[in-house]
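Colleague: Can you walk me through this one? I have a few quick things to ask.

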Amino acid sequence: DGKERMMKMASRSFVPAVVFIAKNFLWFCAYLGLFLSPLFIYKFKDFWREAKSIKWLLPLTLLLSTSLISAAILSDKVAEKFSEILIHHIFGLTYWGNVHEIIGGGLIRRNHAWNVFAAVLGSFGIALFLPFLVIIIKKYIRDFWQKIKSNPIIVFSVSLVAVYTLPIMLADIYMKYLVVVFPFTILILDSIFDFTLPTKRKYVALSILSAIFILYFSVSTTHDILSEERARWQVAETMHHNFNASPLEIDGGICFNGWYNYDYNYVRTKDKNWWWVRDDKFLVADGTAQNYKTVTSVKYTKFFPPFKVITIYGLERKSAAPR
């Protein structure tokens with residue numbers, strides 16, 4: 001799949017390619033900025049001083065963040081993209097609501113307020129990490145060969161992060177791809193803002209609070225997506241065994257269909273989900289759908305507020321004729 005995305009990238013004309021890479025670069029900054037925010041907050045005073053020393057950096061960062069949040073407020077499409085990238089692909093939250101409408105084979109409509117919240121989170125991450133990248137360039141790209149002699153470990157870290165992420169920028173960037181760069185980025189952070197030096201208590205407190213929030217958010221949403229996938233799988237298996245439904249007739253989600261129906265040569269169609277759905281006579285969903293009847297269901301409870309009990313439904317198309 002990654003190779004296919006890179007091949008598509010090579011076929012793009014210049015302007016679409018630049019726009020595509022620029023978007024991936026923003027997601028890269030948002031991901032790392034968010035997850036490293038406790039460290040940035042911990043050394044905020046030093047970070048602020050370094051950023052202020054580059055006169056154009058803070059105004060540019062403020063302009064970019066304000067523009068992104070404004071675009072998300074004004075455009076459902078922009079806000080939806082932030083939600084998809086920063087909530088679905090980091091935390092596994094496919095959607096925030098309890099029930100969604102199945103339209104045209106699985107179009108999910110998220111709440112616009114949550115989408116804007118995702119845009120604010122993403123812009124905050126960008127506002128932290130983008131200045132840090134500029135500071136790295138200022139510190140390490142200048143007098144590069146001298147740095148190799150004096151601090152080869154940091155130069156190795158900078159080089160690894162740059163080389164590792166370059167092909168990802170050309171394909172598509174997701175949080176799971178960046179796990180390997182976190183320890184090396186922390187090394188770079190420490191080389192610029194020495195964490196052994198004392199800092200003010202208020203920054204320590206805010207850093208701890210943000211780390212606790214990220215930890216709780218990650219653990220609770222990981223629980224929720226695993227619980228949801230177990231419930232979806234249970235519903236799909238029930239329809240498979242109790243209603244004599246072939247896996248080829250079930251749209252059970254990416255895990256179920258990937259396990260049973262994966263096909264390298266699968267051709268996507270607009271009227272079905274992309275995860276190797278041959279016939280969606282039976283459907284697994286967290287809500288009802290037009291022209292389908294409920295045949296089974298499974299419940300699970302979210303760990304993420306407001307701790308709702310979610311029902312996953314097994315649906316059968318009222319008309320047996322394939323679409």
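**Confidence first**

Modeller: Confidence in the chain is lowest in helix H8 (residues 144–150), at a mean of 68, and highest in helix H3 (residues 37–42), at 94. That is pLDDT, the predictor's confidence in each residue, from 0 to 100. Helices (H or I, at least four residues) and strands (E, at least two) are DSSP runs, numbered from the N terminus. This is a predicted model: local features need pLDDT of at least 70, side-chain atom pairs count only at pLDDT 80 or more, and totals for chains, interfaces and linings use all residues. Residues are numbered from 1 along each chain as its sequence is written, and side-chain values use heavy atoms, with hydrogens and water left out.

Colleague: What is the mean pLDDT of the chain?

Modeller: The mean is 82, and 88% of residues reach 70 or more.

Colleague: And where does pLDDT stay under 50?

Modeller: Over residues 91–109. The model has 54 contacts for that stretch beyond four places in sequence. Contact means heavy atoms within 4.5 Å.

Colleague: Switching to strands. Which sense do E1 and E2 pair in?

Modeller: Parallel, over two bridges. Two strands pair if DSSP finds at least two bridges between them. Aspartate 251 stands opposite leucine 283 in E2.

Colleague: Which hand does the β-α-β unit of E1, H12 and E2 have?

Modeller: Left-handed. A crossover is right-handed if, with the strands pointing away from the viewer, the path from the first strand over the helix to the second runs clockwise.

Colleague: What about E2 and E4, parallel or antiparallel?

Modeller: E2 and strand E4 (residues 309–317) run antiparallel, joined by four bridges. Valine 284 stands opposite glycine 314 in E4.

Colleague: Are the faces of E2 covered or open?

Modeller: Both are covered. Phe282 and Val284 are buried on one side, Leu283 and Ala285 on the other. Buried means under 20% relative accessible area, exposed over 50%, partly exposed in between (1.4 Å probe, protein chains only).

Colleague: New topic. Which phi does tryptophan 276 have, positive or negative?

Modeller: Positive, about 60°, although tryptophan 276 is not a glycine. Most residues other than glycine have a negative phi. Tryptophan 276 sits in the loop between helix H12 (254–261) and strand E2 (282–285). Tryptophan 276 is buried, at 15% relative accessible area.

Colleague: And asparagine 244, buried or exposed?

Modeller: Exposed, at 69%. Asparagine 244 has a positive phi too, near 55°. Its place is the loop between helix H11 (201–242) and strand E1 (250–251).

Colleague: Last one. How many disulfides?

Modeller: Zero, taking a disulfide as a pair of cysteine sulfur atoms within 2.5 Å. Cysteine 29 is buried at 0% relative accessible area, and cysteine 255 is partly exposed at 36%.
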